[in-house]
Amino acid sequence: MINKKAGAPSHTRFVLVVLVFACSKALTTPNNQNLLDSPFCRFSADFSQQLAFPDGVNFIRASGQIYFDCTHGLVWSVEKPISSAQIYLLDGDMYGVDFAAKVSPLERAMQRRVGGVLSALLSGNQKQLNADFEFVNHLASGIKLIPKQAALKRALRGISIEGGVDLLDRLIKIEQADDQVITIQTTNVTVVDEEQEVASSCIAVLGQSSEAACRLLLQRSLIGEDL
Amino acid sequence: MFVRSAETSARLILVVIVTLLIGFFSIRGPNIAFETELLDLAPIDTSDALSDRAVKELGREFQSRITFLIQGSEAGRVAAAETLLREKLRLVEGLILSDNIAARQNLISAVSASRFHLLSDAQRHALEMADRPSILNSLVMDRIGLGATAQLFDITVDPLAWHSRTVSEIVTSIVPGALGTNDSVVTSVPAALSSEVFEVDEQQALKQRLILLASRVEAAVPNTTISAGGAFFHAATAASDSKSDMIKITAVATLGVVVLLFALFRSLQLLVVPVCSVAIGIASGFATAYSMFSGLHVITLIFGASLIGIVIDYSLHFFIHERLSLGSESRSGLYRALILSLITSVFAYSVLGGSGQEILIQVAVFSAFGLSAALVCVIALCPLVKQNSKFHDGWIMAFISKAKPFLSKLPAKAIVITTLVGLVGCIYIRDWVISSGNDPSNFVRADQKQLQIDRRISDATLQFEPGTFLLISGANTADIFVKTEAFVQRIEQEGSIDTSRFLTLTKVIPSPQVQRENYNLSGRIYGPDGVLDDFMSVMSLTIETARLKADYANSQNQFIEPSDLSLAMKGAFPPLWFRDDSGAELSVTLIPQGVDLALLAKVSGEIDGVSLSSVLDISRQGLRSKKAAGLALFLPLSVLVAGFLLAVYRRASAGLIVIIPVLSVSLVIGFFTILGYPVTLFQLMALYLAVGLGLDYGIFVYEIRSEGQLAERAICVSAMTSILSFGLLALSSIPVVSGFGLTLLLANSVNLMGALWLAAWLRDGQIREATPAPTAS
């Protein structure tokens, strides 16, 4: 039986409780949130991507380059196994460009969802990420994004992000609800001059073969002008 | 001789009946359950059997649907409440949670073997238009892009995720937002009852449990509210009300009758036979009806329990006859009267059986067998009871004395003319009687609070018209596709209806012709010259392709049947396709809310095999036609019974017996019409029971007219027991039951007065016949 008189005075107990809450809060707030920051407006990087099937035996691997501009969007340019590209504009429009430079809109829900999240991650759009995800610490230096909404939970289990050897490198793991896991490793992050016109800059980085994809980055500003 | 052999035979039959009843209740007793489906109160009767089946199943599906509406202050809380509620509901026995994942799994199982026949529009386009390298490129791009297509089939079955994509697109087309972008502060959890939950106590327990679970989730996730709605909640309330009414009415009626009998006979010993006859009558009626049908509806039981008012009459007639007549020698007349009244009652109830509606047939069987067993019990046991000579019916005698001067002044011609005028009046108001009181939703008392909840849920969640849909019938699957296409084109010509919002399996499954084309197109991937091996090589996958190619080659004639798919997706979706043994098929199209139904009805009438159906309208029409048939039978029934009685008694005056129930029916119908009180099919059923009672009274009066006031006194007592029990039914909280009770109360009161008039008229020598004794054969 606890003798109240023998315990600490009530104001002391209050302070203790507040401290306990404060400590627990500090322990649960992600301290690796800087991984979500994007220090540059325009950059390129190499990527390697691996899709692991639930059977644990088969994998699909791809590699290429990304080009990102914080006012236009992302070009996901695949070099292997075949040359192709996906363009995720910040206004929400998304396109695919095949090896013959034929453009078609991306319509699959999962593609659009993951593309949208990746654009938000690269542009450091924490407002959008906050609306859709809860942030928790992941391993020692990583952060994990857990979907908040039931609809998003039905598609994604979570997205974990870890820093690489280089300060700007990232290892992004997208765990789908159907047990497929897409792992994306970005390396060789390079800041790109923001003065140059975006399409030309993109072509200069990704090469002439990506011209059709790079020109689509202008789509957003063109739409804006039309309006 | 006739008396003794009748009593001996009755005892033997009674032993058989009791033995059978003991056997029945020993075997079935623990498993006896009652049906409480509201749809059974409303007959479904469309032009063909397949449409009947479709309407019944869709109506049943609608009835079994339960929706939980979750509202909250923020999306996160609503999502948390949804997850918690789903977890809890999954543990509830008798409830099937329908969700997109289940629908998708069922769809995958149903189409797995025929997957090569199914392509989305985009896939078809890709295979039709592209050359070989482009197809390969497109397949690879799909696999390496961000956001992999959900792998719905096993990786060895669908390494390209090609069929997974098809199924995903189909599910999305059936359920808008299936993959979800819903960030609303309102969401819903749809569920369905499994068909087993129709027992009253189970329903109540389930209802309470669901309400409790919802309130627990509300408590666990603050700032959320959960409402549960659906026809089930109304059915559970109605069933509970019915059961409670049944218990109360049976108890009070039994008590009232026992007190009345004790006041008249002052002998507890005499009560044994009436109680036994009631128990054996009801038990026999119940056991026979229960054995003949798959189960008994609780409404049948309520109406059946009201038989107590008729069954008790037999014992009363016996005891009063024994006390007031010349002795056991005159029992032959009594037995003839009892048997004649049973025959005419069973005759009247058998007309109910011809209505074609299961509940009415159940009541007819219950009544006919219950009354027969009760009469056997009376003839077998009553003579064994020691009689004394006292009968304390002074107040009944006083009533008869007061009524007699008034009644004896009524000439037979006036009664006959009044009856004929009543009959003509009934023919005149026939249309109003037939068209009123046909709304099944008025049969039970609606819970207003629950109705408000249902409206709120409907406003927030309902996408399609409830209980109204298009039925498209055809000789085969292809025929339905042709008719559906014709209908869609015709509707689009009108320009005001967006057909893309309609839900039909013809939008999900291609026609047989298109399936064949899809199969051929799929050959560009899986066929001998397909790109499958190239894909494996480019992607460095080590999956065996020979089996996939063999699957493709072997499935050439494995078309996806819409009826199979509809069956496979049962529970997650309403049944949307039906097929009968002859191969005829029927497609159901769900109509989005807010569509101009009048226009749909007009256009559907123009195309052969297309019809707009509404469960409520069909039920109304069914009730209307049953009532029309029931009313039309009254006159031939009366003529037949009159003919039967004339044949038995061989005297013209015997025809007056029929006047009593005919007058009663026409007066009650006229009375309801004047007051504007709708006459339901069940009130019509009550009138048939009243015909049986009226004939009983008439036969007794006529049969034992030579034995002073014996008949009047016996009839007064039996009418009082009937009025007591039926009068109590009029107090029921269920409109359909109270209407039944009120009708019988009024009709039987007229029967009583009619019987007293007939007795007075006969005794006052207004019959100009020489021989008073009957010569029944």
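This is a predicted model: local features need pLDDT of at least 70, side-chain atom pairs count only at pLDDT 80 or more; totals for chains, interfaces and linings use all residues.
I started in helix α3 (residues 75-90) of chain B, where B:Arg86 and B:Glu82 are four residues apart and so separated by about one helical turn. Helices here are DSSP runs of H or I with at least four residues, strands are runs of E with at least two, and both are numbered from the N terminus. The two side chains form a salt bridge, with the closest N and O atoms 3.2 Å apart. For a salt bridge I need a side-chain nitrogen of Lys or Arg within 4 Å of a carboxyl oxygen of Asp or Glu. B:Arg86 is buried at 12% relative accessibility, and B:Glu82 is buried at 7%. My cut-offs: buried is under 20% relative accessible area, exposed is over 50%, and partly exposed is in between (1.4 Å probe, protein chains only).

Residues are numbered from 1 along each chain as its sequence is written, chains are lettered from A and ligands numbered from 1 in the order in which they are written, and side-chain values use heavy atoms, leaving out hydrogens and water.

I looked up B:Arg115 and B:Asp551, whose side chains meet at 3.4 Å, N to O. B:Arg115 sits in the loop between α4 (100-111) and α5 (121-129) of chain B and B:Asp551 in helix α22, so the pair ties together parts 436 residues apart in sequence. B:Arg115 is buried at 6%, whereas B:Asp551 is partly exposed at 26%.

Next came B:Arg490 and B:Glu606, a salt bridge at 2.7 Å, N to O. This one ties α19 (residues 477-494) to α24 (residues 597-606) of chain B, parts that are 116 residues apart in sequence. B:Arg490 is buried at 19%; B:Glu606 is partly exposed at 43%. I also found a network of salt bridges linking B:Arg490, B:Glu494, B:Lys602 and B:Glu606.

**Helices**

I checked α26 (residues 656-675) against α29 (residues 735-763), both in chain B: they pack at about 145 degrees, axes 9 Å apart. The axes are lines fitted to C-alpha atoms over the stretch in contact, and angles run from 0 to 180 degrees between N-to-C directions. Residues on the α26(B) side include B:Leu663, B:Leu667 and B:Phe671, and those on the α29(B) side include B:Leu746, B:Val750 and B:Trp761.

In α27(B), 23 of 23 residues are buried.

**Loops**

Is B:Ile155 buried or exposed? B:Ile155 is buried, at 6% relative accessibility. I found it in the loop between α6 (132-144) and α7 (162-174) of chain B. Leaving aside neighbours within four places in sequence, B:Ile155 is in contact (heavy atoms within 4.5 Å) with A:Phe53, A:Asp55, B:Arg143 and B:Ile543. B:Ile155 and B:Ile543 are 388 residues apart in sequence but 8.5 Å apart in space, C-alpha to C-alpha.

B:Ser540 has a positive phi of about 55 degrees although it is not a glycine. B:Ser540 is exposed at 58% relative accessibility.

Last entry: the peptide bond from A:Lys80 to A:Pro81 is cis, omega near 5 degrees. A:Pro81 is in the loop between β3 (73-80) and β4 (84-89) of chain A.
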